[in-house]
Amino acid sequence: MIPLAIDPSLLHIGLAARGASGLRRLGLLRAGGAQRLAVFSDDAEIARAEPEATARLPGPDDMAELEVLWVAGLPPEQAAALAQSARRHRVLVNVEDQPALCDFHNAAELRRGDLLITVSTGGRNPGLAAAVRKALERQFGPEWIERMRRAGGRRGAWRAAGHDMPTVGALTENLARGEGWLP
């Protein structure tokens, strides 16, 4: 596995979903910053959460517009057909809980402002990844939102003052340790 953090504002993302897992994935995509998100769902609850959802599964013309597709809560045969179509159109696809149908896997996420901590088991055990994320939540609480803002401002000032990356890294570590943020 190669971990990546991709700016979703640069991508045209699709979600084909039903049920609670589809609604959860919609929330995670929105929380991650997905702006150009095409939602395909005939699920009333998802339609309430995303009023512009298309009440059908994506077809070939839709696939041609996408770069990434998440599939959640669909019956296995529909999910497999969508994965096959996505791959034909060179669209990266993730079918929830179907590792053989995934070009990438979702990490369990912990967000604190600009701080994003992820835990992955390579798709082998999402429950374990979620348990580790929950343990990290206790260590990295909501106070990290403000810490990230402060550290980001300091980093900008250090870079503007001409410090190189190794120096900025050392100054950042000193800030975190001096403020008692890290053991």
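User: Let's start with Pro 58. Is Pro 58 buried or exposed?
Analyst: Pro 58 counts as buried, at 8% relative accessibility. Buried means under 20% relative accessible area, exposed means over 50%, and partly exposed is in between, using a 1.4 Å probe and protein chains only.

User: Where is Pro 58 in the chain?
Analyst: Pro 58 is in the loop between α2 (44-49) and α3 (60-65). Its C-alpha atom is 7.1 Å from that of Ala 16, and the two residues are 42 apart along the chain.

User: Before going on, what kind of model is this?
Analyst: It is a predicted model: local features need pLDDT of at least 70, side-chain atom pairs count only at pLDDT 80 or more, and totals for chains, interfaces and linings use all residues. Residues are numbered from 1 along each chain as its sequence is written, and side-chain values use heavy atoms, with hydrogens and water left out.

User: How many helices and strands are there?
Analyst: The protein chain has seven helices and six strands. The pattern along the sequence is β-α-β-α-α-β-α-β-β-β-α-α-α. Helices (H or I, at least four residues) and strands (E, at least two) are DSSP runs, numbered from the N terminus.

User: And the overall dimensions?
Analyst: Along the principal axes, the C-alpha atoms fill a box of roughly 55 × 35 × 35 Å. The protein chain has 183 residues, and buried residues make up 36% of them.

User: Which residues touch the most other members in the largest nonpolar core?
Analyst: Leu 69, Val 71, Val 93 and Val 95 do, out of 16 residues in that core. A nonpolar core is a set of buried Ala, Val, Leu, Ile, Met, Phe, Trp, Tyr and Cys residues joined through side-chain atoms within 4.5 Å.

User: Which elements give two or more residues to this core?
Analyst: They are β2 (37-40), β3 (68-72), α4 (76-88) and β4 (92-95). Helix α4 gives the most, with four residues.

User: New topic. How many aromatic pairs are there?
Analyst: A search of the whole structure finds three. One of them is Phe 140 with Trp 144, a tilted pair at 5.1 Å centre to centre and 55° between the planes. Rings of Phe, Tyr and Trp (its six-membered ring) pair if their centres lie within 6.5 Å; planes under 30 degrees apart count as stacked, over 60 as edge-to-face and the rest as tilted.

User: What else pairs with Trp 144?
Analyst: Trp 181 does, edge-to-face, at 5.9 Å centre to centre and 65° between the planes. That pair links distant parts of the chain: Trp 144 is in helix α6 (143-160), Trp 181 is in the segment after α7 (165-178), and they are 37 residues apart. Ring pairs link Phe 140, Trp 144 and Trp 181 into a cluster.

User: What sits over the ring of Trp 144?
Analyst: The charged end of Arg 147 does, 4.9 Å from the ring centre. A charge sits over a ring if NZ of Lys or CZ of Arg is within 6 Å of the ring centre and within 35 degrees of the ring normal.

User: OK, salt bridges. How many?
Analyst: The count comes to 11. A salt bridge is a side-chain nitrogen of Lys or Arg within 4 Å of a carboxyl oxygen of Asp or Glu. Among them is Arg 87 with Asp 103, at 2.9 Å, N to O.

User: Where are Arg 87 and Asp 103?
Analyst: Arg 87 lies in helix α4 and Asp 103 in the loop between β4 and β5 (108-112), so the pair ties together parts 16 residues apart in sequence. Arg 87 is partly exposed at 35% relative accessibility, and Asp 103 is partly exposed at 34%.

User: Which salt bridge does Arg 150 form?
Analyst: Arg 150 bridges to Glu 179, with the closest N and O atoms 3.4 Å apart. Arg 150 is in helix α6 and Glu 179 in the segment after α7, 29 residues apart.

User: And Arg 177?
Analyst: The side chain of Arg 177 meets that of Glu 173 in a salt bridge (3.2 Å, N to O). The two are four residues apart in helix α7, so about one helical turn separates them.
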